[in-house]
Amino acid sequence: MEQSPAPFSEIGRRARDLLTKDYNYDQKFTFSIPSSSGVGITATGVKKDQIFIGDISTQYKLGSTVVDIKVDTYSNVSTKVTLVDVFRSTKVSLGFNIPDHKSGKLDVQYLHQHAAINSSIGLNPSPLLELSAAIGSKDLALGGEIGFNTASSSFTKCNAGISFNKPDFSAALMLTDRGQAVRASYVHSVDPANGTEVGAEMIHRLSPYENSFSIGSAHKVDPLTSLKTRFSDNGKVAMLCQREWRPKSLITFSAEYDTKAKNSVPKLGLALALKP
């Protein structure tokens, strides 16, 4: 539904993507093999200091059913089965991890012309219950989310937000951390032809009383190369350069420097994504 609101988790995403997406300070490698037969395979490896972590995932599509399976270096197996349009505008997902027999989870998503509802329940004796909803339209959305832990009889989430989106800008205001923080963000497209965007996010915490902010920018140097920058009030400065060196294959270099830390060493990261 083109005019329906996005799920609650999408409120403020445009600013989050501008300020955080693709920034990486480790060595990361991703190799994806798509297939027209409905089976796709992706291998991912990340080196953090002297530790290497990797996984292999496969996705199988058959009609309205999608099966995702992922195996990591610790022999953990994650499986997710998704059924699309079980009922009209409804998507149902069942996920579980092996060998964790208490990890089962059932997710249900419903999209309406003026609403988007997501629910989740853990499949164990003391499940974690989560519910989020957004109402409005593609341009203006108001929503909230709650999470309840039945084992401790306590709320794990209680957030609300509103967003206003247009092709050339996006603004969002959210109440997060169970009412303990107010987060405001704004992104403006300065030059759509060159992919130039600027954005900012400010967080006001009620307890303890403190403020923080980040500003960032994105710009396409040419059709294949993009640059991003980020500045934060804590003194950290970051930049990113991404190059599409062949169709759908990206190489990304990231760097971050803490200007307030004594004898600070810049953090450097390199990510390579290959897709034949």
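Author: Begin with the terms. Helices (H or I, at least four residues) and strands (E, at least two) are DSSP runs, numbered from the N terminus. Two strands pair if DSSP finds at least two bridges between them. This is a predicted model, in which local features need pLDDT of at least 70 and side-chain atom pairs count only at pLDDT 80 or more, while totals for chains, interfaces and linings use all residues. Residues are numbered from 1 along each chain as its sequence is written, and side-chain values use heavy atoms, with hydrogens and water left out.

Reader: In which sense do β1 and β2 pair, and over how many bridges?

Author: Strand β1 covers residues 27-33 and strand β2 covers residues 39-48; their pairing is antiparallel, with seven bridges. Two of the contacts can be named: S32 has T42 of β2 as its bridge partner, and F29 has G45 of β2.

Reader: What lies between the two strands of that hairpin?

Author: Five residues separate β1 from β2 in the hairpin, and G38 takes a positive phi near 100° there.

Reader: How does β2 pair with β3?

Author: Strand β3 is made of residues 51-62, and β2 pairs with β3 in the antiparallel sense over ten bridges. K47 stands opposite F52 of β3. The hairpin of β2 and β3 has two residues between the strands, and D49 takes a positive phi near 55° in this hairpin.

Reader: Which sense does the pairing of β1 with β19 have?

Author: The sense is parallel: β1 and strand β19 (residues 267-274) share five bridges. K28 stands opposite A271 in β19.

Reader: How do side chains sit along a strand?

Author: As a general idea, side chains in a regular strand alternate between the two faces of the sheet.

Reader: What counts as a salt bridge, and how many does the structure hold?

Author: A salt bridge is a side-chain nitrogen of Lys or Arg within 4 Å of a carboxyl oxygen of Asp or Glu. The structure holds nine salt bridges. One of them joins D139 to K166, with the closest N and O atoms 3.4 Å apart. This pair links distant parts of the chain, 27 residues apart: D139 is in the loop between β9 (128-136) and β10 (140-149), and K166 is in strand β11 (residues 154-166).

Reader: Which residues does R205 form salt bridges with?

Author: R205 forms a salt bridge with D177, where the closest N and O atoms are 2.8 Å apart. R205 also forms a salt bridge with E210, where that distance is 3.9 Å. Shared partners join D177, R205 and E210 into one network of salt bridges. R205 is partly exposed at 27% relative accessible area, D177 is partly exposed at 39%, and E210 is partly exposed at 39%.

Definitions and conventions:
Buried means under 20% relative accessible area, exposed over 50%, partly exposed in between (1.4 Å probe, protein chains only).
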